[in-house]
Amino acid sequence: MRVNISGASPTVGEIDGAGPTPHPRVRQAAAPVIGALGVVFGDIGTSPLYTFKECFSPHVGLPPTQEVIFGFLSLIFWSLILVVSLKYLAFVLRADNRGEGGILTLMSLAGRNTPQSITTLLLILGLIGGGFFYGEVVITPAMSVLSALEGLQVATPVLTPYILPLAVVVLTLLFFIQKHGTANVGRLFGPIMLIWFGSLGLLGLMAIIQHPDVLAAVHPKWALKFFADHKWVGFVALGSVVLAITGVEALYADMGHFGKLPIRLAWFAIVLPALLLNYFGQGALILKDPTAVKNPFFLLAPDWALVPMVIMATLATVIASQAVISGVFSLTRQAVRLGYLPGMTIKHTSESEAGQIYLPFINWMLFAAVLVVVMAFRESSNLAAAYGIAVTGTMVITTILVCCVARYNWDWPQLLVRVILVALLIIDIPFFAANALKLLAGGWLPLALGCVMFTVMATWKWERFLLFRQISRMSMPLEAFIAALAKDNPARVPGTAIYMARTQQGVPHALLHNLKHNKVLHERVVIMTFRTQDIPYVEPDQHVEIERLSDTFWRISATYGFH
């Protein structure tokens, strides 16, 4: 027997106070793409602010000659193509769990059909990757906002003392608006990022027109020549090149907010062309004026446009932080659902997308951690040493897990999977190894944060397993319990007792303890289970199902959407 106790589900139009409004197809297609620009691509979209500058930093120590500039440009170009476009956009994004992405989703998928002998190893790798992602999330907002505001130094050194206080103010505003949800944030940030990427492309194109021979760096021979000429120093330089792709894990973790298609369209139509134009434009500028290595991004802009570009860069880096914040919200919800973190408040901020969420506790804990990092490191160049080791470690783990998914979940041929695995690791492992050299210079920070989160998740999961195993040993089947009561019925007291249960199997322990200690049962006993589905609302006739188990026992299953 099914009973509707909730009434009709409201429609989106009713919630908004207006009826449904039709939208043209073009507008429907463009909206999620613009939203994805504002949430998903903020991190990787602001990499031009610091990547090329760090390639010529003192710890690398390479002069801005044509061969070196072409070598760096070739490495950046092929990193964006091979790692972001092919590995993540074409391959990794295929591995989703009902639209959700992220390293824990990948871990869950990889552990479903793999042999038992390697399942535990995959789970450990997934938790390590999840811990690394938490470490990266703390550094990204600090790195991005500081690097943008440091453009004020290029405008006038007088403003240097105000950079740190301004960074604190900007970060405070960023975390304060998170409660409005990624949909609203995306609508606010999307048009800004569209202007940002347009500015990136335009500034780069203007410099390329003046020095078009820089486009020759697209040829991979320059990357190979770079390693052949500089050997160990070339390997160390990979730690700076990887800054161009540090947003890829956030991109995958944010998949549940907008879906695969808008993310792919935004990347290939807008983000990738703008990034390539800007990087090659910075290379052309340094070819023309080698002294521009001190801050090639801001020196691309004409003098009159410098202050507007600092303002635009600051807005863009705030949005860059949004990508990892949204990603950590999704990752935390996955960890809670999989039993790796305790339950916490999860607020759904969209009437239609289950992936658009806000976690108050995580938001403010992350805010506190970011402020500590900003005050401790104070400059983006100091943070650059800490940046990259966590994301490259997660990239290696992602490669292993997604290849396991391809082999055991998608049934791809074993030889093909092995070839893909080796090809991807040839790219990922050198990036990770080069960043591992930064361990003592600041790379310890994301690793320490990652170790803390790994310990918390592994401990919670294991102790939760031990608890449930003990509970299951003490439980008894509900049908057998009811049958036993029919033979030896205890004393009954007036009223109805409702016992909450996680599953429909077994007798709730509160019921057993009540019977054991009080020696009585109520006249009517209801076992109630709640279930939540990944849709906004459930049809009214599916809300509540009531099953009569005996004259005195009922079982109620209540099913609702995430709203």
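**Close-up views of a predicted model**

**View 1. Surroundings of Thr 529.** Beyond four places in sequence, Thr 529 touches Ala 501, Arg 502, Thr 503, Gln 504, Ile 556, Ser 557 and Ala 558. The coordinates shown here and in the other views are those of a predicted model. Thr 529 belongs to strand E5, which covers residues 520-532. With a relative accessible area of 2%, under the 20% limit, Thr 529 is buried. A polar atom of the Thr 529 side chain lies 3.4 Å from the backbone oxygen of Ala 501, and Ala 501 is also one of the residues that Thr 529 touches.

**View 2. Helix H7 and its kink.** Helix H7 is formed by residues 116-149, 34 residues in number. From first C-alpha to last, H7 reaches 51 Å, close to the expected 50 Å. At Ile 139, shortly before the proline Pro 141, H7 has a kink of about 25 degrees. Of the 34 residues of H7, 26 are buried, so the helix is largely enclosed by the rest of the structure.

**View 3. Confidence along the protein chain.** The protein chain has a mean pLDDT of 83, with 90% of its residues at 70 or more. Over residues 1-26, pLDDT stays under 50. For residues 1-26, the model has 30 contacts beyond four places in sequence. Where pLDDT is low, predicted coordinates should not be read in detail.

How values were computed
Residues numbered from 1 in each chain as written. Predicted model: local features only at pLDDT ≥ 70, side-chain atom pairs only at ≥ 80, totals over all residues. Heavy atoms only, no water. Helix = DSSP H or I, 4+ residues; strand = E, 2+ residues; numbered from the N terminus. Expected span 1.5 Å × (residues − 1). Bend = angle between axes of the 7 residues up to and from the residue. Buried < 20%, exposed > 50% of the residue type's maximum accessible area, 1.4 Å probe, protein only. Polar contact = N/O pair within 3.5 Å; in protein donor to acceptor, adjacent residues only side chain to side chain. Contact = heavy atoms within 4.5 Å. pLDDT = per-residue confidence, 0-100.
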